[in-house]
Amino acid sequence: MEHIDAFREAADTVVDLSADFRLDSEAEYDEWYDGHSRPELLEESVYALPERNRDELSGASLIAAGGCNATATILGLAPLFDGGILDGSEQLVVDVKVGSSEGGAGSSKASSHAERSGVVRPYAPTGHRHEAEIQAEFGCETAFSAHAVDMTRGAAATCHVFPNEPVTTGDLWGAFRETYDDEPFVRLVAGGTGVYRYPEPKAVAGTNYAEVGFELDPSNERIVVFSAIDNMMKGSAGQAVHAANISCGFEETAGLDFQGLHPVGAP
Amino acid sequence: MEHIDAFREAADTVVDLSADFRLDSEAEYDEWYDGHSRPELLEESVYALPERNRDELSGASLIAAGGCNATATILGLAPLFDGGILDGSEQLVVDVKVGSSEGGAGSSKASSHAERSGVVRPYAPTGHRHEAEIQAEFGCETAFSAHAVDMTRGAAATCHVFPNEPVTTGDLWGAFRETYDDEPFVRLVAGGTGVYRYPEPKAVAGTNYAEVGFELDPSNERIVVFSAIDNMMKGSAGQAVHAANISCGFEETAGLDFQGLHPVGAP
Amino acid sequence: MEHIDAFREAADTVVDLSADFRLDSEAEYDEWYDGHSRPELLEESVYALPERNRDELSGASLIAAGGCNATATILGLAPLFDGGILDGSEQLVVDVKVGSSEGGAGSSKASSHAERSGVVRPYAPTGHRHEAEIQAEFGCETAFSAHAVDMTRGAAATCHVFPNEPVTTGDLWGAFRETYDDEPFVRLVAGGTGVYRYPEPKAVAGTNYAEVGFELDPSNERIVVFSAIDNMMKGSAGQAVHAANISCGFEETAGLDFQGLHPVGAP
Amino acid sequence: MEHIDAFREAADTVVDLSADFRLDSEAEYDEWYDGHSRPELLEESVYALPERNRDELSGASLIAAGGCNATATILGLAPLFDGGILDGSEQLVVDVKVGSSEGGAGSSKASSHAERSGVVRPYAPTGHRHEAEIQAEFGCETAFSAHAVDMTRGAAATCHVFPNEPVTTGDLWGAFRETYDDEPFVRLVAGGTGVYRYPEPKAVAGTNYAEVGFELDPSNERIVVFSAIDNMMKGSAGQAVHAANISCGFEETAGLDFQGLHPVGAP
Amino acid sequence: MANCPECGAELSLHDDVETGEIIDCGTCGGELEVVATGPVELETAPELEEDWGE
Amino acid sequence: MANCPECGAELSLHDDVETGEIIDCGTCGGELEVVATGPVELETAPELEEDWGE
Ligand SMILES: NC(=O)c1ccc[n+]([C@@H]2O[C@H](COP(=O)([O-])OP(=O)(O)OC[C@H]3O[C@@H](n4cnc5c(N)ncnc54)[C@H](OP(=O)(O)O)[C@@H]3O)[C@@H](O)[C@H]2O)c1
Ligand SMILES: NC(=O)c1ccc[n+]([C@@H]2O[C@H](COP(=O)([O-])OP(=O)(O)OC[C@H]3O[C@@H](n4cnc5c(N)ncnc54)[C@H](OP(=O)(O)O)[C@@H]3O)[C@@H](O)[C@H]2O)c1
Ligand SMILES: NC(=O)c1ccc[n+]([C@@H]2O[C@H](COP(=O)([O-])OP(=O)(O)OC[C@H]3O[C@@H](n4cnc5c(N)ncnc54)[C@H](OP(=O)(O)O)[C@@H]3O)[C@@H](O)[C@H]2O)c1
Ligand SMILES: NC(=O)c1ccc[n+]([C@@H]2O[C@H](COP(=O)([O-])OP(=O)(O)OC[C@H]3O[C@@H](n4cnc5c(N)ncnc54)[C@H](OP(=O)(O)O)[C@@H]3O)[C@@H](O)[C@H]2O)c1
Ligand SMILES: [Zn+2]
Ligand SMILES: [Zn+2]
């Protein structure tokens, strides 16, 4: 926050990867963070999930790249809100699994290899700050928990949602296709017969792609939505480049054409 | 099923690790499995989660050891039902993370190292058969999804539940202590300040312990319950030994005293 | 072997990734493989380590891409032979660590995730067929052992060599620079103070790079040479593309510009 | 070193896990470490590889538990020296692969999960201090290199040795059996047809066992010796307990009967 | 004798407990601050924020 | 202009290099200490010992 004027002085377009300009109001920063010292910039800054705010991003000079877990979650749920399947009154459960690079390059006892490897470790059972971004996007309550798993790059969100009205698989395919058919960085992966039937972080490691998919549970009218990104790309640096490409009028996919590796282990 | 008479001929006490005698009625086998050829034995057989059915197990001659994912889930949720915090009318979301040994020793392309390592892979988004056991235990609906993660042994269940009445952390501690204070194989792990604050499968790898814990989300009256077991022990062989110990009147912990390793990676 | 005429009929340039045309004579195939059915092609085929046979590859129509472990080993040792530090009379020990994709996509009990993960497993202690390629390159004996480690892509060769005459670190740097300074796909990594001081497979995962480096042991006049490649790229497909680029007169690096990911776990 | 008197005051038998009393003379500490402040104790202290010094350990009051990598290496090579196959004049190459717990519980950037996972990383190409213990045991030169691999517990040593006289597989089996047939904590694993044909660290994780095995390379009269231990057990704490059991006249295996887990991933 | 404000477990405290002291609850592992003595009152100590996933 | 004492690579140094300064060699990555200027002399800087596997 304190350097933002210097950065904007130095460049026409600033993309901030931190959370400093993601939310809309000082009140939200008071609730979720430790307040905000430059609230007058919150209105100006544009939140960058390009898939959600493409128009606003064009020409924007202060861009706040979305949080990694928020990005995964929002991309998974968006078609359900866009398609009127959810309206914000439903209970949404979001269970996220993340890799160690989410914690940055710093070292601590908990992040040492011997302690951090092989884990399925709840680390933010409640109160994760990315909830604020999801709630801001959809105007809904979310029940969000994150787990550390043994992977370096990647975030996978599983959303369990219960629409007020029953839906069909066809409705879901329709909604997801409607939202994402023209998106360069979103791949629908839902079902099929191979090894990769649903979104997985290792399938997008190193890329700016998000994979999204779903399954419908007939017995209880639950939809399970899966989404997977690489937190270092679609969850941060790639998203930033994508947003900058839009802001500056470049080809959206410029510099972001890596397709990933197969096979790959814990990326 | 077809060999059961021969097995019972050969031994006074038979513990079946498969799902053949876990459910109570032929109707349930028609719904969840491919029917049942010996339904008359279903009444006689005792379902072995010793923590739930200790009295019935004493002297039982046909014991059905509980499924691994069902065991993890039931042990996590039981205190909430025992303590009257849940009554079965609530929406329960169960998000399970499992290791590769759940699939048994067989080999397939999907279970080969190159494909299976590094995954966070939805493999049973809906319709997992262990739901039947959970529903039978609590008489409730469940929304259950399982994910394969990069680990050999272990199952971790995260249950997101929404009680009808608000609760306090103290209520939860009370309920969990009431249910488990005298249990030799259940450890409460909830909070604290070290590296291990909640249940994790690597903390119980190789042991017959279940770790259970919880967190309360003040904003939306959600309880997140965590439980972790080793699917090869508390989820199968260890549970079977525990049940046999009870059935035969041995010391409950006989042969099950291994306490696990630290540090340990992907067990 | 049996389809080679059809393949050459279909294309002007054929790059064979198998071992079928790597060795020079039928006698070697009798010794290391199960003989050869088309020995007359062995003279025509060009062995593709582009760094060693660039001139012969130009215009070649039958190219045998080098074996992954042989490629790693040859690239590590080549500067020592080029620079006259080794002459082929010395004892060379080669200790290779490889990922699971070297075994191809097939599945077996040993390659299942539960058995193959976490291993440091000797799998070819003696008699590995890639020795034939190394011996053909340098005209020397080698003592070669391979170990499977927990990684999907990658091969790392550690060569322990004992020159007849003492050398200095400066001599080694000179030799390695002389051989590789103009090579587009070889990076020297030897020493320094960061986390990455010597070649590692994860630093080249997904790329066509080979990293090579060394350390000199003053006490016993041993040189330890390290080299690391991605067996799916520099060890097979990338090498094939590189060779085809040369054969066809394209830019050598065409299609091979991926630089890898950081951070990355078990690639 | 500075606390040793207080420790010996407090207990009749002191087992030191550090390197402080492993070597025999001040001169060796000057060469390999930063000297020694209590050289008069070096004669009194007994080096604990119980398999090598059982008699001296009986009644010893100051015991220096052997280093993990030295233990693995010495146990692998001992039968060759005992059996007269090696006499110390040969070139010995030792290539060790180790897990992250060898570095202790401290945290550093290099040991953070994101950097340390998935590695095959040379970390002590030359000059590793455990060489001193190996040389002291056998009176020979060694060419020793260590690599960090993606595992928490475990050390695997591969020794490539070249006897002056040709040997047969029978000679080797004879020598290994002669040395280890009565040892409670050494298992011979050499060949066979299952998944586990040679020593592996994951087979001994959590146990005080060492696995040793070998393969003979007919073409060049090389013996490859494999040995695997858990550095936290046979490489430190278990070795210490074993030594104390002998010193105090207890059953040697007291407290050390854990047999390990199967299947298990990266332990 | 005091009860953990977090989980309700009974804590046996040593005699000369002082205001400001930090105590771990053996049951829930929570860090507790002694805010009064005679009788002893405990409060949950403020936690250090971990900041993953920004 | 000076040569790396470790690997022999040519190093181009900035003008006001000072005695005691630590410089990284771009080729071998070695840390070099400037022990004299005019002409510049470089020595390999002492390395911090890593201590794994005790
Ligand atoms: N990791 C993720 O998944 C993720 C996702 C979305 C957004 N983000 C956001 O992206 C940003 C970077 O995160 P990260 O995970 O890459 O963290 P990181 O690994 O800790 O890297 C932070 C970098 O910033 C540099 N730095 C810190 N303070 C600085 C200062 N005062 N002046 C100049 N450079 C400074 C550090 O340099 P040194 O190395 O010299 O200390 C380091 O290179 C954060 O705002 C984070 O919230 C991260
Ligand atoms: N894995 C778990 O987490 C888990 C948890 C709870 C319950 N269970 C249940 O436990 C049982 C065993 O599971 P698993 O994972 O151990 O499976 P597994 O690894 O596939 O092992 C099955 C074993 O049964 C043997 N077997 C199969 N058919 C046989 C026959 N007709 N006669 C004699 N032996 C036969 C196999 O022998 P071969 O090796 O010779 O084929 C193999 O040793 C299953 O019923 C499973 O549902 C497993
Ligand atoms: N893996 C390495 O590190 C490596 C390194 C250097 C060289 N190589 C060589 O590269 C080649 C491929 O190795 P890989 O590891 O990729 O093996 P792989 O994973 O087993 O793949 C072999 C591929 O060949 C296809 N195939 C097999 N028989 C065929 C036939 N008769 N007609 C058409 N397609 C056929 C298979 O198709 P299906 O999937 O339909 O069976 C499969 O896609 C081998 O010659 C290997 O020696 C491999
Ligand atoms: N790791 C191995 O594979 C291995 C193998 C053979 C021998 N060793 C030797 O075993 C010893 C322990 O190694 P480690 O890997 O367990 O190291 P570690 O994880 O760093 O543990 C060292 C322990 O010693 C405690 N400690 C340090 N200084 C102390 C002091 N002045 N007073 C009281 N306690 C103190 C530390 O307590 P805090 O946690 O409070 O700091 C910590 O619990 C070392 O001498 C090492 O060389 C280790
Ligand atoms: Zn408490
Ligand atoms: Zn240099």
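This is a chat about a predicted model and what can be read from its atoms.

Visitor: Before we dig in, what are the ground rules for this model?
Guide: The model is predicted, so local features need pLDDT of at least 70 and side-chain atom pairs count only at pLDDT 80 or more, while totals for chains, interfaces and linings use all residues. Residues are numbered from 1 along each chain as its sequence is written, chains are lettered from A and ligands numbered from 1 in the order in which they are written, and side-chain values use heavy atoms, with hydrogens and water left out.

Visitor: Okay, symmetry. How does chain B sit on chain A?
Guide: A 180 degrees rotation with 0.0 Å of shift along its axis puts chain B on chain A, at an RMSD of 0.0 Å. The two copies are thus related as by a two-fold rotation axis. The superposition is by least squares on the C-alpha atoms of residues with pLDDT of at least 70 in both copies.

Visitor: Which residue of chain B comes closest to that axis?
Guide: Asp150(B), with its C-alpha at 3.3 Å.

Visitor: Switching to salt bridges. How many are there over all chains?
Guide: The structure holds 60. A salt bridge here is a side-chain nitrogen of Lys or Arg within 4 Å of a carboxyl oxygen of Asp or Glu.

Visitor: What does Arg153(A) pair with?
Guide: Arg153(A) pairs with Asp230(A), and their closest N and O atoms are 2.8 Å apart. Arg153(A) is in the loop between β6 (143–149) and β7 (155–161) of chain A, and Asp230(A) is in the loop between β10 (222–229) and α9 (233–248), so the bridge ties together parts 77 residues apart in sequence. Helices (H or I, at least four residues) and strands (E, at least two) are DSSP runs, numbered from the N terminus.

Visitor: Is Arg153(A) buried or exposed?
Guide: Buried: its relative accessible area is 4%. Asp230(A) is buried as well, at 0%. The cut-offs are under 20% relative accessible area for buried, over 50% for exposed and partly exposed in between, with a 1.4 Å probe and protein chains only. The areas themselves come from the Shrake-Rupley method.

Visitor: And in chain B, which residue meets Arg52(B) in a salt bridge?
Guide: That's Asp82(B), at 2.9 Å from N to O. The pair links distant parts of the chain, with Arg52(B) in helix α3 (residues 50–57) and Asp82(B) in helix α4 (residues 68–82), 30 residues apart. Arg52(B) counts as partly exposed at 23% relative accessibility, and Asp82(B) as partly exposed at 44%.

Visitor: What about Arg54(D), which residue does it bridge to?
Guide: Arg54(D) bridges to Glu183(D), with the closest N and O atoms 2.7 Å apart. Here the partners are 129 residues apart: Arg54(D) is in helix α3 (residues 50–57) of chain D, and Glu183(D) is in the loop between α7 (169–180) and β8 (186–188). At 26% relative accessibility Arg54(D) is partly exposed, whereas Glu183(D) is buried at 11%.

Visitor: Which residues are linked in a network of salt bridges?
Guide: Asp95(A), Lys97(A), Asp95(B) and Lys97(B) are linked that way.

Visitor: Now the surface. Which residues form a negative patch?
Guide: Asp24(A), Glu43(A), Asp55(A) and Glu56(A) do. Patch residues have over 30% relative accessible area and no salt bridge, with like charges joined within 9 Å and nonpolar side chains (Val, Leu, Ile, Met, Phe, Trp, Tyr) within 5 Å.

Visitor: Where does Glu43(A) lie?
Guide: In the loop between α2 (26–32) and β2 (46–48) of chain A. Glu43(A) counts as exposed, at 77% relative accessibility.

Visitor: Backbone next. Where are there cis peptide bonds?
Guide: One joins His262(A) and Pro263(A), with omega about -10 degrees; Pro263(A) is in the segment after α9 of chain A. Another runs from Gly38(E) to Pro39(E), with omega near -5 degrees, and Pro39(E) lies in the loop between β4 (31–36) and β5 (41–44) of chain E. Most peptide bonds are trans.

Visitor: What is chain E made of?
Guide: Chain E has 0 helices and 5 strands. Of its 54 residues, 31% count as buried.

Visitor: Last one: where does Ala143(B) lie?
Guide: In strand β6 (residues 143–149) of chain B. Ala143(B) is buried, at 0% relative accessible area.

Conventions: Accessible areas come from the Shrake-Rupley method with a 1.4 Å probe; for residues, only the protein chains shown count as cover. Lys and Arg count as positive and Asp and Glu as negative; His and the chain ends are not counted. The place of a charge is taken as NZ of Lys, CZ of Arg, CG of Asp or CD of Glu.
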